[in-house]
Amino acid sequence: MLGNLNHVALAVPNLKAAQKAYEDSLGAKLSQPQALPEHGVTVVFVELPNTKIELLEPLGEDSPIAGFLKKNPDGGMHHLCYEVNDILHARDHLVENGARVLGDGEPKVGAHGKPVLFLHPKDFFGTLIELEQV
């Protein structure tokens, strides 16, 4: 069911500082910042040959990333995103096997313009999992 690792998401307290560190210190190629109000974040992708790193900054006080940064003020790994061919089939299979889908269980449009779902971290050893249909 799982395809490639699409990205590793890092919550950051300051997106501009994170961009500068990745670009200047590591020589990384970055996407332009993209505000995603429906997810409460602004994102920048670090483009790598085999995957991406997603830098997440809160967009507003009620952002889920704001809560994460209150517990982890320096930032840190927020989630892993895996690709799936059919997100509804993947969701149904996971639910049948006891996994919990966050929110209302219906896919939302993610940063790449494709359907995404998030799975409860307690079902995956403390790791928030995002599924993205490719």
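Which residues does Thr127 touch, not counting residues up to four places away in sequence? In this predicted model, Thr127 touches Met77, Leu80 and Pro121 when residues up to four places away in sequence are not counted. Thr127 is found in the loop between E8 and E9. Its relative accessible area is 18%, and Thr127 is therefore buried, the cut-off being under 20%.

## Nonpolar cores

In soluble globular proteins, nonpolar side chains tend to be buried together. The largest nonpolar core of this model has 21 residues. Among these, Val46, Leu55, Leu119 and Leu131 touch the most other members. At least two residues of this core come from each of H1, E4, E5, E6, helix H3 (87-96), E8 and E9. The element that gives the most is H3, with three residues.

The surroundings of Leu131 can be described in detail. With residues up to four places away in sequence left out, Leu131 touches Leu2, Tyr82, Val84, Ile87, Ala90 and Leu94, as well as Pro115, Val116, Leu117 and Leu119.

## The largest pocket

Rolling a probe the size of a water molecule over the atoms shows where empty space is left. The largest pocket has a volume of about 510 Å³. Its lining comprises 27 residues, and those nearest the centre of the pocket are His39, Pro64, His78, Phe118 and Leu128. Several elements give two or more residues to this lining: strand E4 (41-47), strand E5 (52-58), helix H2 (64-71), strand E6 (76-84), strand E8 (115-119) and strand E9 (128-133). By residue type, the lining of the largest pocket divides into 13 nonpolar, eight polar and six charged residues.

## Salt bridges

Side chains of opposite charge can pair when their charged atoms come close. The model has five salt bridges.

| Salt bridge | Distance | Relative accessible area of each partner |
| Lys20 and Asp24 | 2.7 Å | Lys20 52%, Asp24 51% |
| Arg91 and Asp92 | 3.0 Å | Arg91 14%, Asp92 36% |
| Asp104 and Lys108 | 3.8 Å | Asp104 56%, Lys108 40% |

Where do Lys20 and Asp24 lie? Both are in helix H1 (residues 15-25), where they are four residues apart, about one turn of the helix. Lys20 counts as exposed because its relative accessible area, 52%, is over 50%. Asp24 is likewise exposed, at 51% relative accessibility.

In the pair of Asp104 and Lys108, the closest N and O atoms are 3.8 Å apart. Asp104 is exposed, with 56% relative accessibility, and Lys108 is partly exposed, with 40%.

Methods. Residues are numbered from 1 along each chain as its sequence is written. This is a predicted model: local features need pLDDT of at least 70, side-chain atom pairs count only at pLDDT 80 or more; totals for chains, interfaces and linings use all residues. Side-chain values use heavy atoms; hydrogens and water are left out. On a 1 Å grid over the protein atoms alone, a cavity is a set of points where a 1.4 Å probe fits but cannot get out, and a pocket is an open set with protein on both sides within 12 Å along at least five of seven lines; lining residues have an atom within 4 Å of a point. Grid points are joined across faces, edges and corners, and a volume is the space filled by probe spheres set on the points. Ala, Val, Leu, Ile, Met, Phe, Trp, Tyr, Cys and Pro count as nonpolar, Asp, Glu, Lys and Arg as charged, and the others, Gly among them, as polar. A salt bridge is a side-chain nitrogen of Lys or Arg within 4 Å of a carboxyl oxygen of Asp or Glu. Buried means under 20% relative accessible area, exposed over 50%, partly exposed in between (1.4 Å probe, protein chains only). A nonpolar core is a set of buried Ala, Val, Leu, Ile, Met, Phe, Trp, Tyr and Cys residues joined through side-chain atoms within 4.5 Å. Contact means heavy atoms within 4.5 Å.
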